[in-house]
Amino acid sequence: MLRYLPFLLVLALWIYAFVDCLNTPEDEVRHLPKVAWVFIVLLFGEVLVGPLAWLITGKVRHPAGPAPTWVAPDDNPVFLRSLKKDEPGTE
């Protein structure tokens with residue numbers, strides 16, 4: 001079973017790159033038209049050149065933003081204002 005692992009990993013990367021290429025908007029594709037990238041990923045997928053080229057240079061990657069900070073409900077001013085709206089006689 002272990003001898004099939006490299007083949008399955010290549011197949012998984014090939015499928016991931018192909019689906020990622022298809023789902024990427026045209027304005028986020030770099031260097032070549034999207035159709036050319038689809039053909040490159042499909043034709044050179046078995047030797048990993050196409051999928052790796054797509055993942056490294058084909059798509060504009062956006063850096064991850066800062067992690068959202070969680071605020072406890074009793075410290076959250078928006079939550080506290082919503083409680084005041086629910087109280088009778090405060091409107």
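Helices, here DSSP runs of H or I with at least four residues, are numbered from the N terminus. In this predicted model, the elements of the protein run α-α-α-α from the N terminus on. The secondary structure comes to 4 helices and 0 strands.

**Overall form**

The radius of gyration of the protein is 24 Å, whereas a compact globule of 91 residues would have one near 12 Å. Along its principal axes the C-alpha trace spans about 70 × 40 × 20 Å. Of the 91 residues, 16% are buried. Among contacts with a separation of 6 or more, 54% join residues 24 or more positions apart.

**Surface and charge**

The accessible surface comes to about 7,300 Å², and carbon and sulfur atoms hold 70% of that area. The protein carries 8 positive and 10 negative side chains, and the centres of these two sets lie 7 Å apart.

**Loop residues with positive phi**

Most residues other than glycine have a negative phi. His31 has a positive value, and so does Leu48. His31 belongs to the loop between helix 1 (5-23) and helix 2 (34-43), while Leu48 is in the loop between helix 2 and helix 3 (49-58).

| Residue | Phi | Relative accessible area |
|---|---|---|
| His31 | near 70 degrees | 65% |
| Leu48 | near 70 degrees | 25% |

Exposed means over 50% relative accessible area, buried under 20%, and partly exposed in between. His31 is therefore exposed, at 65%. Leu48, at 25%, is therefore partly exposed.

Conventions:
Residues numbered from 1 in each chain as written. Predicted model: local features only at pLDDT ≥ 70, side-chain atom pairs only at ≥ 80, totals over all residues. Heavy atoms only, no water. Helix = DSSP H or I, 4+ residues; strand = E, 2+ residues; numbered from the N terminus. Rg over C-alpha atoms; globule rule 2.2 N^0.38 Å. Buried < 20%, exposed > 50% of the residue type's maximum accessible area, 1.4 Å probe, protein only. Contact = heavy atoms within 4.5 Å. Areas by Shrake-Rupley, 256 points an atom, 1.4 Å probe, with all protein chains shown as cover. Lys, Arg positive; Asp, Glu negative; His and termini not counted. Charge placed at Lys NZ, Arg CZ, Asp CG, Glu CD.
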